[in-house]
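Subject: Structure for your review

Hello,

Please find the sequence and the structure below.

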Amino acid sequence: MRRIVIDCDPGIDDALAITLAHGSPELEILGITTVGGNVSLEKTTANALKLREFLGFPEVPVVPGSPGALLRSRVDAADVHGDSGLGDARLPAHTLPLADGHAVDFIIETLAAHPGEVTLVGIGPLTNVALAVRKEPRIAEWAREFVILGGSYTRGNFTPAAEFNIAADPEAAAIVFAAGWTVTMIGLDVSRSALATGAVVDRMRAMGRLGTDLLVPCVEFYGMVTADDGPAVHDVCAIAYLIDPTLIEIQPAVVEVETVGRFTSGMTVVDFDLRDRIPNALVGTSIDVPRFWELTLSAYAEVARHLPPHPRA
């Protein structure tokens, strides 16, 4: 079993990723830390708390972190994820409290307590992780692995050059890639292929309350679903990689983050031609989509079978 901390900004695809992690016996979630990103920190944190109770893992701490970028004005993606951040999902209000403390300290303390054992997964802007690295550089040694959903070596989705999670805080991303660990970068080049088509949504719809209250309202809010097309479920790819790394082809590379370009701020500049350089990243290049969906939908079905009773039932 791989022990993980999920740093996230729920977010539709974050919610789908957390659901996959919870439904996978290969993973143990030690904590969820939140950051401002897709929507405000207040909303991403509330969404994480709602998901924890709806899905049924009340023992996992949810710890809030940074509300915005290190040096820049906060941006969001509410136009994509809806005002709440979770599209049309119908989740009850949370009743359990936040954990004490700050996400940065939680990340440091968890990795320090289990050196070499915990994988850190960043599926939002990298502000919390950058602050953790600055405060305690040894987390780069303590982490078993650091996996992100972010970046691209082709084109962006927030700007023509930059993917949202990197563009939201390029300075934080630059710190993280220079921290001395190997960043496993699952970016748009992989996640754009993981489409929730009609057949996928039909299987979700058959999963009872999990499907009707969370999965389907999220996916259908995200974009048009047809027989052969549908929205990409980006963050889910990073969690799927942890469960089965053979799903995604990766290549070593040197990655630099552009922070000053007029048109390219937030771009991940990926050089696969290492020459005599040591790579600082493993970059995803392709994904086995049928196997990805079989793994993901099987885990969702497991969650659906064990979903806690509705609080009003």
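The buried residues of α13 are Phe292, Trp293, Leu295, Thr296, Leu297, Ala299, Tyr300 and Val303. Bear in mind that this is a predicted model. Residues three or four places apart on an α-helix point the same way, because there are 3.6 residues a turn. The cover over the buried residues of α13 includes the helices α1 (12-22), α2 (41-55), α10 (198-205), α11 (208-222) and α12 (236-243), and also β9 (281-287).

The helix α13 itself runs over residues 289-305, 17 residues in total. From first to last C-alpha α13 reaches 24 Å, close to the 24 Å expected at 1.5 Å a residue. Its N-terminal end is capped by Asp288, which has a side-chain oxygen 3.3 Å from the backbone nitrogen of Arg291.

Tyr300 also matters for the core count: with Leu55 and Ile239, Tyr300 touches the most other members of the largest nonpolar core, which has 62 residues. α12 contributes the largest share of this core, eight residues. Another core, of 36 residues, lies apart from it and includes Val129, Val133, Ile166 and Trp181.

Leaving aside residues up to four places away in sequence, Tyr300 touches Leu16, Thr19, Leu20, Met204, Met207, Leu210, Leu215 and Val236.

At least two lining residues come from each of α1, α3 (78-81) and α7 (164-167); α3 gives the most, with three.

Regards

Definitions and conventions
Residues numbered from 1 in each chain as written. Predicted model: local features only at pLDDT ≥ 70, side-chain atom pairs only at ≥ 80, totals over all residues. Heavy atoms only, no water. Helix = DSSP H or I, 4+ residues; strand = E, 2+ residues; numbered from the N terminus. Expected span 1.5 Å × (residues − 1). Buried < 20%, exposed > 50% of the residue type's maximum accessible area, 1.4 Å probe, protein only. Contact = heavy atoms within 4.5 Å. Polar contact = N/O pair within 3.5 Å; in protein donor to acceptor, adjacent residues only side chain to side chain. Core = buried A, V, L, I, M, F, W, Y, C linked by side-chain atoms within 4.5 Å.
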